[in-house]
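Please read them with the structure open.

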Amino acid sequence: MTTDASDHFVRVRGASEHNLRHVDVDIPRDAMVAFTGISGSGKSSLAFGTLYAEAQRRYFESVAPYARRLLQQVGAPHVEEVTGLPPAVALQQRRGAATSRSSVGTITTLSNLVRMLYSRAGDYPAGADHLAAEAFSPNTAAGACPRCHGLGVVHDVTEELLVPDPSLSIREGAIAAWPGAWQGANLRSIVSGLGIDIDKPWRRLRKKDRDWLLYTDEQPSVYIEPEPDRVDYGYYGKFWSARKHVMHVLADSKSERMRERALRFVEDAPCPECHGSGLRPEARAVTFAGRSIAELNDLPLGELVGILRPFADLPEDTNEVAVRICSDLVARVEVLLDLGLGYLSLRRSSTTLSPGETQRLRIATQLRSGLFGVVYVLDEPSAGLHPADAEPLLEVLDRLKESGNSLFVVEHDLDVVRRADWVVDIGPGAGESGGRVLYSGPVAGLEDVQESITGAHLFGRAEPLEHDVRAPDGWLRLAGVSRHNLRDVSVDIPRCVLTAVTGVSGSGKSTLVSQVLAEDARALESFDRLVLVDQRPIGRTPRSNLATYTGMFDTVRKLYAATDEAQRRDYGPGRFSFNVPEGRCQTCEGEGFVAVELLFLPGTYAPCPTCHGARYNAETLEISYHGKNVAEVLDLPVDAAARFLADVPAAARSLETLREVGLGYLRLGQPATELSGGEAQRIKLATELQRARRGHALYLLDEPTSGLHPADTALLLRQLHRLVDAGNTVVVVEHDLDAVATADWVIDLGPGGGDAGGRVVATGTPSDVARVEASATAPYLARRLERALNGVTDGYPRRAVRRPRRAS
């Protein structure tokens, strides 16, 4: 291998990360390289798990060992050699940071400039002391509101939540927030001992007593006399008010179930001291352009630029500090506007951002960083984007490349792939059927690779699925809807068809479908059941996995418990759960790994030295079914498990449904924490599909094709059309044009995002909407339909042109 500085390629030899099969590949620098392949083929293993991980490992080698432990590391990749690799920056799809203190302003570092602007160029009240920049931050002691500690909200209980039915007495459970069982009986005895009537209806108690029972911080000890059928000895019991008990559970309980119960009695409200800004009054009193920093942070970025630009255009000798800071702010915000994020505000919490929005914010920040000679490794930058938002994103990526950087992009969007300079296609299948480089070269050359599924979709060889446009069987009427940016919206949603709700990011699609429609009681009366399939995780811990969520693991455990050897040993199904002490490994307690603390180096995790990652103890693993123990079955991919359990009807049905939605590459025991939002959504859909279908259901899905390869999208769409053919109604929030083109009905919101959206722009068949000039979706949909008419498809269902009639 060469180390010549004039060699313009990154050369990888012997990459075997995850499912990669000793991959050798040469990738050009100073170019946009698309890594393609179906889900689970090994794209991310090569781009992130190998190239980015190796670049990071080399950087950390230059960092002192003590400092290394403070940095998050991804681990050394399994690769023999990599040459020609520049420093790398990873921009991965991920949910917003798990802290409410992170915001659009902190992610983009714009908040730092705004605080400096108010500190240096703000208008102070007469006689007020000058404030440092940190005094304008709710995340510092100098600036945080003392009441809410900078969060802008206070969490507290209310009598209505603590006592939902005031007609009940304390003995009958009026104080719902109190614990049950023995603890509840203990508190009732204490209250009775304090002289308060526990048999009188709550509403008839004195207000002074009601308030004391709910809110006091006092904890008197009361002697409790022996009580028949409860306790046969006297003791001193300590009183807890309802509020103190709830706050104690939220602060100290390790039980997720108890915390979730306690949260039912708590509500969030804007802090009455800082009015939701999180700032001290001294900071809120300083203004710029007639607005406080709290007011400026609440403005959409599009309006923010309009306020700052006049100051940026002033001569520097007018107010040098204000001009310079405003000029920098305007330049940075304009990049965000170019990326279609003008509807966001600086104070918007990162926890409310989609992965696509977060990634675009980080891309915009990198564009202003001025780095040169860097490899940017991006994870599906177009995922979840409307075509109108994707175009400016691609222009920003071009600017990064023109600045002397390399772009390695893991991507499913064929329009992005067509725009790349080079493509590395991994496959041909997923999991064990993938992991090979099928092609590495200019995009046009992929057409000749018959084995490539990506090539078949990219060049129109994929087999389409024919289906007729369905006529609605009745309509749902949503009238006068106002929520978030939806303003007095009225819309008809057809029954018994597939409806796509479209529009640019922030136009109000998810609000309309996942909130308004999902909560409209009158609309839901028309259906036997509602199925809301979102991208939230299927579990929060590694103990939750694909097999446990779908219920398939119950079948597997019963299968092992029914074997002759298990019955001889008197092993029940619980023995084969890694959550039960009897069967699990005691060293790792069923985790499969143990934490390893290293002196002067970051802590890490290693396979359990006792069970070697199997999770079970040796006795449990001695039980086999068709030559495999339960740990080996959990390690099987869905495709292999379907063959292994083909003669077990309950498991076979579940596994086949998972394969039908394109999840054949996932392992049965794959932890929920390792699954993407799209994978979690398809698992939920598969779980629903495997159930017996009764009655007429309403299925609501939020961007189900986001992050899917066209082949996986085709599989998913076939399942959705099967649901409609079975007499159900399916409504999807969708950006994917091929998915929209196969819909029976389209509802387009917009025309823009945020305050510029929230209106119904067009409704009708895809061809109807494609002709509406006011629609941002129309021109892109029209081009897609034209390609379909000319016989150029990406493997999606062809539509017979037959217009549905609106039911009266």
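The points below go from the whole chain to single residues.

1. Basis. This is a predicted model, in which local features need pLDDT of at least 70 and side-chain atom pairs count only at pLDDT 80 or more, while totals for chains, interfaces and linings use all residues. Residues are numbered from 1 along each chain as its sequence is written, and side-chain values use heavy atoms, with hydrogens and water left out.

2. Overall form. The protein chain has 31 helices and 27 strands, taken as DSSP runs (helices H or I, at least four residues; strands E, at least two) and numbered from the N terminus. Of the 808 residues, 52% are buried (buried is under 20% relative accessible area, exposed over 50%, partly exposed in between, with a 1.4 Å probe and protein chains only).

3. Cores. The largest nonpolar core holds 78 residues, and Leu645, Leu668, Leu685 and Val730 have the most contacts inside it. A second, separate core has 68 residues, including Leu296 and Tyr343. Such a core is a set of buried Ala, Val, Leu, Ile, Met, Phe, Trp, Tyr and Cys residues joined through side-chain atoms within 4.5 Å.

4. Helix 7. Asp209, Arg210, Leu213 and Leu214 are the buried residues to look at in helix 7 (residues 207-215). They lie on the same side of helix 7, because they cover an arc of only 125 degrees around the axis, as given by the directions from the helix axis to the C-beta atoms. Lys207 and Lys208 are exposed on the face turned away from that buried side. The cover over the buried residues includes helix 5 (159-162), helix 6 (181-193) and helix 8 (242-252).

5. Ser382. This residue sits in the loop between strand 12 (375-379) and helix 15 (387-402). Is Ser382 buried or exposed? Ser382 is buried, with a relative accessible area of 8%. Its side chain makes a polar contact with the side chain of Glu411 at 3.0 Å (a pair of N or O atoms within 3.5 Å; within protein, one must be able to donate a hydrogen and the other to accept it, and residues adjacent in sequence count only if both atoms are side-chain atoms).

6. Cysteines. The whole structure has 0 disulfides, counted as pairs of cysteine sulfur atoms within 2.5 Å. For Cys608, the nearest cysteine sulfur is that of Cys611, 3.7 Å away. Cys608 is buried, with a relative accessible area of 1%.

Technical notes
Contact means heavy atoms within 4.5 Å.
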